[in-house]
Structures are given as structure tokens and as C-alpha cells.
Amino acid sequence: MDVARLKQSWHLVAGHGDQVPLYFYSTLFLAHPDVRQMFPTNMAGQRDRLVTALGHIVSNVDQVDQLVGFLQSLGADHRKFAVRAEHYPAVGEALLATLAHFLGEHWTEDLAQDWTAAYGLVAKVMSDGATSAENVSPPWWVGEVVAHEPRTFDIAVLTLRPQYLLPFDPGQSIGVSSPATRAWRYYSPANAPRSDGTIELHVRAVPGGAVSSRLVYGTSVGDQLHLAAPMGERLSLRQAGGDLLLLAGGTGWGPLKALVEQVAA
């Protein structure tokens, strides 16, 4: 597998900009129409994410030792989209077709073999990560909205009660989705873990944001939301001691409030 060749070819493909994800998803949905329901109705915010991530990961597959943990977590996280092992070949087919289309005469048999091998390795690690996660956590938790408090025209504070304990560390982010949107967004709980398991979210409605608008304007007490496993460690405190300076604005205060509660406890 020639990694330099992989990176060079991806650089050429990426130069075509928005046409790349457009071609990729068109190819995927035409060949496998059943997977369309796994994606949000409005693809504007989704189009470039999968292709960009795939290109970056596969073209850096020579650093697989550093990528393994990330890919395993990514595979486990993708369970919330109902991704199964049989979906990986479909994505691989669409990716190779997209590469062949935009590379034209530069698409050779050797390059095709390189990309096939690289994607196969990535898909296996992600699939294995998903399988391992099945023994640890569900694809998502169902959370009931027990409080919905509008604070300004476009900001609301939601309190959710997961069906059973959703463990997280202050500073981490939790995936949130309304079943009606088929889209996910990550929010940091504004509280340290509580004895009753409830989670507080500070949400600002972003223009054009399907999830945030639904949470602020279209969600009421008693509604149910889907919650994904927590991710991220960059905001978490390694130890709750010493001096701590926290700066935030708007709803960015949420995760810092959780850290303050952690230190106070």
C-alpha cells in the first residue's frame, strides 16, 4: 500500500470541492436506496463530513496505531445511525466510484488496490469497535424531557432523564437527536453527574439548525429524545484541585458549570 500515492490522489480529488460529496452521496443512494433513511432529510450540513473524514483517515492509514482508538470509538458511535457491518461495503463502493470519477486518467489499477486495502482496514477497525461496544453500552439512550425552560427567545434549558444511567464526565459532550429530525448534534451537560441521573442542557437555536431549533421551539415536557454515548476529554479536568480559570460566553457556560460543580463536590 503506497501511502504517498493515497495522499496525493486524495489531494487531487479534494480540489473538486463540493462536487465530491455530492457525487458520493448520489452514487451511494442510487446504488443503495435503503440507506437514505439513515441520513437527515436536509443534507446541507452532512454532505462534506463523511467524505472528508474518510479521505483524511484513509490517506493517513500509515499511522494506523494512532488511529485505532479513534476508529474504534468512531465505529461504536456510528451505531446511533443504525450502521451495521453490511453497510461498510456499500460506502466503500461509493467512495471508490467517486475517486475513479474525479481522478479520471490518474485512476489506475494499483491505486484502486491501495484505496481498497486502506478502506478495508479502516472499515474492519470501525466494525470491530462497534461489535465490542455492544457489550458495554446501547447504540443510544432514550431520555425523557422533564423540564423545558425558555431563558431568551432563542435559548432554552432542558432537563432530561435517561431511561437508565448514562455515565459521563464533566466537560464531555453527549449526542442528542429528536427522532423526527434524523440528525445528531453534540451538547455538553451543564451539570456534574447527579444521583437521579438527570442531565441539564443549555441549547441555543442556531439559524437553520434542525436539532437546536427542535429542542428550543418544538420540544415539551414528556417528549423523548435520543442520547448518544459521551465523547471528548479536552475539557475534562484531570484532577479537581489547584487554581482554575474558566472563561465562557452564552451557552458555552454549560460545560464550565459542570466543571465548577465537580470542583465544588
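His148 stands opposite Leu158 in strand E2, in a model that is predicted. E2 (residues 155-162) runs antiparallel to E1, and eight bridges join the two. They make a hairpin with two residues between the strands. A quick word on terms: strands (E, at least two residues) and helices (H or I, at least four) are DSSP runs numbered from the N terminus, and two strands pair if DSSP finds at least two bridges between them.

Residues are numbered from 1 along each chain as its sequence is written.

Now the cores. A nonpolar core is a set of buried Ala, Val, Leu, Ile, Met, Phe, Trp, Tyr and Cys residues joined through side-chain atoms within 4.5 Å; buried means under 20% relative accessible area, exposed over 50%, and partly exposed in between (1.4 Å probe, protein chains only). The largest such core has 34 residues, with Leu28 and Trp115 making the most contacts inside it. Helices H1 (3-14), H2 (19-31), H3 (47-59), H4 (64-77), H5 (87-103) and H6 (109-133) each supply at least two of its residues. Apart from it lies another core, of 20 residues, including Trp141, Val145, Phe168 and Leu225.

Then there are the aromatics. Rings of Phe, Tyr and Trp (its six-membered ring) pair if their centres lie within 6.5 Å; planes under 30 degrees apart count as stacked, over 60 as edge-to-face and the rest as tilted.

| Pair | Geometry | Centre to centre | Angle between planes |
|---|---|---|---|
| Tyr23 and Phe102 | edge-to-face | 5.7 Å | 75° |
| Phe153 and Tyr217 | tilted | 5.7 Å | 45° |

Tyr23 in H2 and Phe102 in H5 are 79 residues apart. Tyr23 is partly exposed at 28% relative accessible area, whereas Phe102 counts as buried at 15%. Phe153, in the loop between E1 and E2, and Tyr217, in helix H7 (residues 210-217), are 64 residues apart. Phe153 counts as exposed because its relative accessibility is 71%, and Tyr217 is partly exposed at 46%.

How values were computed
Predicted model: local features only at pLDDT ≥ 70, side-chain atom pairs only at ≥ 80, totals over all residues. Heavy atoms only, no water.
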